[in-house]
Every structure is written in structure tokens, then in C-alpha cells.
There are 2 protein chains.
Amino acid sequence: MTRRKSSSPARPIPEHHKQPISLKRLAEHLGLSSATVSIVINRKPLSDMIPQETKERIWDAARRYNYRPNIIARSLRQQRTYSIGVLLPEFSDGYSALVLSGIEDYLLSKGYAWLAASHRHKDELIREYPHLLYTRAVEGLITVDTPYEEHLPFPVVSVSGHRQIDGVTNIVLNHERAAELAIGHLCELGHREIAFIKGQSFSSDTSVRWQSIRKVCHAMGIELKPELTAQLEGVSPSPEPGYAAAKKLIASGVPFTALFAFNDVSAIGAIRALQESGQRVPDDVSVVGFDDIYGAAFHIPALTTIRQPLVKIGCLAAETLIERISSPNGGKTSGAVEVEPELIVRESTAPPSRAQRPVTPSRT
Amino acid sequence: MTRRKSSSPARPIPEHHKQPISLKRLAEHLGLSSATVSIVINRKPLSDMIPQETKERIWDAARRYNYRPNIIARSLRQQRTYSIGVLLPEFSDGYSALVLSGIEDYLLSKGYAWLAASHRHKDELIREYPHLLYTRAVEGLITVDTPYEEHLPFPVVSVSGHRQIDGVTNIVLNHERAAELAIGHLCELGHREIAFIKGQSFSSDTSVRWQSIRKVCHAMGIELKPELTAQLEGVSPSPEPGYAAAKKLIASGVPFTALFAFNDVSAIGAIRALQESGQRVPDDVSVVGFDDIYGAAFHIPALTTIRQPLVKIGCLAAETLIERISSPNGGKTSGAVEVEPELIVRESTAPPSRAQRPVTPSRT
DNA sequence: AACCGATACTTAATCGATTTAATTAGCGGC
DNA sequence: GCCGCTAATTAAATCGATTAAGTATCGGTT
């Protein structure tokens, strides 16, 4: 304080300081320059030169007037926004929501914010949103189950994306292991006639998952009959597509004792279709789901499923993205990170009934 | 162009203009001042003075160099961020997700962005997040099922908030009508012994809903037995709390033929508990849920439920908030907006069975 | 010839912070 | 009494737009 110029006396601040105070006003009030205050508040190396007493004066005033740096001004100067975008198909699909939780946890801990956007499988939104987010000055993007081709001017981490795109890191499940777990479980129970529901064609996991299933079936000597293969159709996040797919499988007339669905939601729809056609789960048909969303455990019957560590995946995606954003070389590494699935056995699977009745098509 | 000074010739821009171009550079390249370009790009009234030819030159260049105004700089100057915060308990509860969809739709159409935050019922996060969002310069906040007392320095719209707080607009369901629909439906089917599951104490709808139920029960001559009243406990967004609550009701030994749950998720948990105790739904006990989340229709049995227009609620919340943000007087109006529920009859309700067996407690 | 008003722009301030380069005061040494 | 050094701070540029206020040119009028 020894050298504070007497020519610039501390200026008082009006009582009702409800509106945020600016650095400049705070500095004026302290009789210091805004540079000094900024340096101290941000604990810059330069502040080593500032005597303790002054620092305390600054901190006191900052607390008293509840000073909060204007993040917009800071962003402009630093060319950093500390925010990222998250693009996903749908908030209410049980899958994205869990990934989001993981993302949020990590970002919160690192001081990042995120702008979310759901495209509901509309091509236009899938195309537009990344640019909109870019306009919003995000520093990176996490896409969840969203195919995106174009090269973007910032790092991208893709959850269950599978294409190798420059600048995109993929977080992927070990799908082969997943198929082994599911089909192995059914085989062990004694099932041989297994039906499959593939994902929608727009789902990025669909193709990889299916390849894994084919490979594992072949290895285990399970025949993959075309009549026992159905595909989800439509963009509804409800169990309806699974219901429709299962109806088709049943209508084929080819008997099966087990069904491996693309996800838990479609498994739930499938179970409804089976029950409507007079089949009981798991007595007549075993069903295995995928994901282990909330609620899978509470469905009746409780779903046997392949759990994806969704929260962890979200966390990992966020971590990977932040790392790439922070890395000095711009994080050019576009590789893949793999996570492991887990088999959760509940009530929807059982050994095939001895009296192997063929599944008969119900009336439409 | 007649008067373009020959002293500042159009300056070429290097080929690889991948990185965004600034207004200044664009103006330099055009041989104009940035003010002129800004005025034209933003279609300010002043641009009426600019000849068509110049305007076209500007637009052409903007397109060619893919000019995008830096939103940070603009925000700083205009003191507007065109973004709001959304605070909710949980992404994966089926309820919030639908509200979010509505919010997103509306905001997208108005050019606003949103920062989302889920507090998972942690007091600390409920307290901190609004300030964090404020620091992030949101212009308003939508809270979903989140009790918030403190006065905030921007407009707040609260979905299913019920307190009258200065500066907060509530979007509420007509709970009395909802209770009438549910209880009326059960009465019409012939039920008299109705059990109830109240919401968690932290849920903002819990108290209002319960008052309405009491009122309607009284009006309809239904006795509200304390033993047939349970409350959800714990923060899990899964059906588990509903399961536990139903277990308690069953354990009371008091017979009931119908159950009105706080929401669909808890109804699903309750159904599981009933089935485990040997009751069949709806044969022995009818169950009515609340919300009509995705999946309610595909549960087995499909849930009869009171539908809240959740997407519409989100939309309405966003609209109300934007209106208050844009209104010149700062939108001091803190009132309430009411929406109407709807009864959706599916499979989980039926007339009480003639052979009115008392519900017997199952082994623990 | 001086003036006016319209046209077609430009200048410069501003938003609120960060950051680099400079400045000042005091002190010890010669 | 001057030099150089350190400690403590500050001035000024900067980020990229927006915007109020100003200016130069020209045709036309009195």
C-alpha cells in the first residue's frame, strides 16, 4: 500500500450493488488499476510481486461486492468458451440420458458447460446442429449414436460411432464380447433356435453389432435364419418398433426359443408381442435385451440384458474430448476407446421348455 | 461504389480461409469499414441508405468467405447471450426428458440456446447450479420439478413449482382435475378401497397433488385410510421406490382393490410388488399411474394413467420465459399458467373382482 | 457563391475482461 | 548525485462485434 497514489483515492460504491460489479469499478473503488486486480483474482504468476496486504484488500472487496468476472468478456479475450456441444438423437430413450449423466459429471468437475441438442433423427437437424453449435462457439462436440460425416473445425468424440473420420475419436463397446455374452448365455441354457432383432439402419451400432453376432453365431454353431431376423424400423423411442419386429418374427412361422433384441426398449416391445401371441417369457421364449437402462430390472419379467457402462461411457467421452481440446497439438489423434459389456441375468431367460412347441403365428 | 476511396484498395484474403473470418478482415477485403458491413449484415434500418450494389457485394463476400459473426463479441456488446438455463432433477426419469423436448423445440425456433443441468436431488447442486448458470450469463432459467427459494437476478419459470416467489412464473397442472379423472375412473369401475402412493417429499407436485386427492376423495365419499397411504422415498429414478411403497401397503394387511400411484415409474414398481405378493393386475388390483411417459403404453399390463402434456408444458415454459426476457418491463409478472390432464385408459385398470379376496401380506 | 439536404459511408467509443510491455518509486552502491 | 536494480503497479492494446455520432461528396436551390 506504500505506493498507492494519493491522486486516485478509493472511490465508494453505492449501497445497492445487486447488479454485478465490473472489474473496472472494483479497481476504481480500491484505488488500483484493473490490471492489478485481474492479476490477483486469477492468481497469475505476476501476482507474486504483489504484497500480501494488497492481495487481501482485493480479495476482501471482491467478496464484499460479490464480484464475478464477466465470462463473455473473458471468453472474447482468451478465445476460449469452456463449453462443448452434445448432439444426441433423443433425450427420452433411456440410453442417451445415462450417457448425458456421465458427461455432465465430468464437465462439471472441469468447469465446462454444455449445450445439448437432440435431432430426433431428422436429417436436417443432424446437418444443422453442429454448425449451430459452432456458431455458439463450442470448443468441441460429443455425438451420441449420431452418424456424422463432415469434418468439423473442432475436436469431435463420438459415442458408438464407428467410422474412422479425421478428427473424430470413437468410444465403442466391445461388441464381439457383448455378442459372446448374450449368445453364450442362451446357448448354455440350451437354446439353439435364436431370433434376432437388428437395430434401425440409422443406428450407428447396428452394423457392427450385427457383424459380431454373425461371427459369434458361426463360432458357436448357431444357425442364423433369415426368417428369424427382423429389423427395427421408425424413429420412435418407444417399444413400438420392437413390438412390430417381434410380430414379424412370429408371423414367419419359424419356431424359436430365444430372442436377442437390439436394446432393452425393443425387448420390452417384443415381450409384449410374444405374450399377445400366447408365448410366455421366459417359459416359452427367452429374451435378452441390451443396454440395461433404468427400468430393465423392473420390467415384468425383469430383463436379462447386456449392460453397457453408459455413465462411464459418457464420462470417458467428456474426458477424451477435454483432453483433446486442451492438448497443445490440437489433439489430432482420432482413434478409438473401447469399453466392456457385462451380462446381467434376470428373469427373462430360462432353459427352453422341454415341450418344444413351435411358435405359431397369432391372428393378425 | 462511386465513392469508395481509392486510398484503401480491396485487400485479398489468403486462399485457405478455413478459420473463421472476422468482420474487420471482411471489411478490409471489401474496402469498406466494418460498421458498414455490420449494418448490412444485420439488416439495420441504417442499411436503407446503402445502395443495393454495395449490399450485394457485401453479401457475396460474406457467403464466399463463410462469414459468421462471433457470437461472443456480439454478446459482449449487446449484453445479450440468447441463452437460458434448464435445471432439472434427472435426465433419465422419463418426465424431464419430455419436458426438455418441448423446451428445445421452442428455443430452437427462437434462436436461443440452453445450458442444462441435473441436480439429482443433491442440495448442494440445487443451490450452486443457478449461480453457476448465472455466471455463464444465461438470461433466464427454467426449473423442472426443482424447489428453489432464493430470488434470482433473472426471470425464472418453474415447471410444477407451486410456491409464489417473486420473479417466478409457475407452469402447473390442474391437479384437482387430475385427481377427479383418476379417482372418478376407479369409482366408476366400482372400486372403493383405494390405496395411494404419494410422491417423495422433495417433489414439488407431491403436496398439491395430495391435497387434491383428499378433496376429491372426500367429495366422492372414498375413505382415505392411513394404512393405505404410502410415500415414495429415496432419489432413485427407477421403479424401486414405488416397489418399496407398494410392499408397505401390502404389508399393512388392509385390503385394497385399486392403487393410484404418484407416477408411471412408481406404478411399474408397485405392479411388480403386487405380482410378487400373488396379486394380479388388473384382475385383483387396478393400478393408475401418472404422467404417461414413453413406455407406459408398453408395460405389461399397459398402464392406465393420467397424462400430463409434458412436451407442451416444456414448450409453454420456454415461451413464457422468452416472453418475460423480451418484455421491456423485465417481466415482473409472476403468476401461474395451468394445463389440463387427460385420462388414458389401458390395461391396468378393471372392475374389482367379484371374489373380493383381501390382499394378504406376502412373506418378506 | 453560398447553402442545404440527401446519400453513402466512416470514426471512434463501447462492452469487460486479459495480457504484454512499460513505468515509477525507492534503495543501495559507488 | 547518478546508475542500476527490484518491487509494485499501470497504461494501453486486444479480443470482434455493435452503434451513436460524425463527415465527405454531390446535385440542386436561392
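Let me start with a term: a crossing of two helices is left-handed if the near helix is turned anticlockwise from the far one by less than a right angle, and right-handed if clockwise. Hello, everyone! What we have here is a predicted model, where local features need pLDDT of at least 70, side-chain atom pairs count only at pLDDT 80 or more, and totals for chains, interfaces and linings use all residues. Residues are numbered from 1 along each chain as its sequence is written, while chains are lettered from A and ligands numbered from 1 in the order in which they are written.

Let's look at chain B. Helix α1 (residues 23-30) packs against helix α3 (residues 52-64) at about 125°, and the axes are 11 Å apart. That angle makes α1(B) oblique to α3(B); oblique is what remains after under 35 degrees (roughly parallel), over 145 (roughly antiparallel) and 65 to 115 (roughly perpendicular). The crossing of α1(B) and α3(B) is right-handed. From α1(B), L26(B), H29(B) and L30(B) make the contact, meeting R57(B), I58(B), A61(B) and A62(B) of α3(B). Contact here means C-beta atoms, placed from the backbone, within 7 Å.

Now to the two chains together. Chain B gives 38 residues to their contact and chain A gives 38 residues. On the chain B side, α4 (71-78), α5 (96-110), β2 (113-118) and α10 (264-276) each supply at least two residues.

And finally, the DNA. Which residues come nearest to DNA strand C? Of the 32 residues around it, they are S22(A), A35(A), A73(A), S33(B) and A35(B). Being near a strand means a C-beta atom, placed from the backbone, within 6 Å of it.

Note on methods:
Axes are lines fitted to C-alpha atoms, for helices over the stretch in contact, and angles run from 0 to 180 degrees between N-to-C directions. Helices (H or I, at least four residues) and strands (E, at least two) are DSSP runs, numbered from the N terminus. Two residues are in contact if their C-beta atoms, placed from the backbone, lie within 7 Å.
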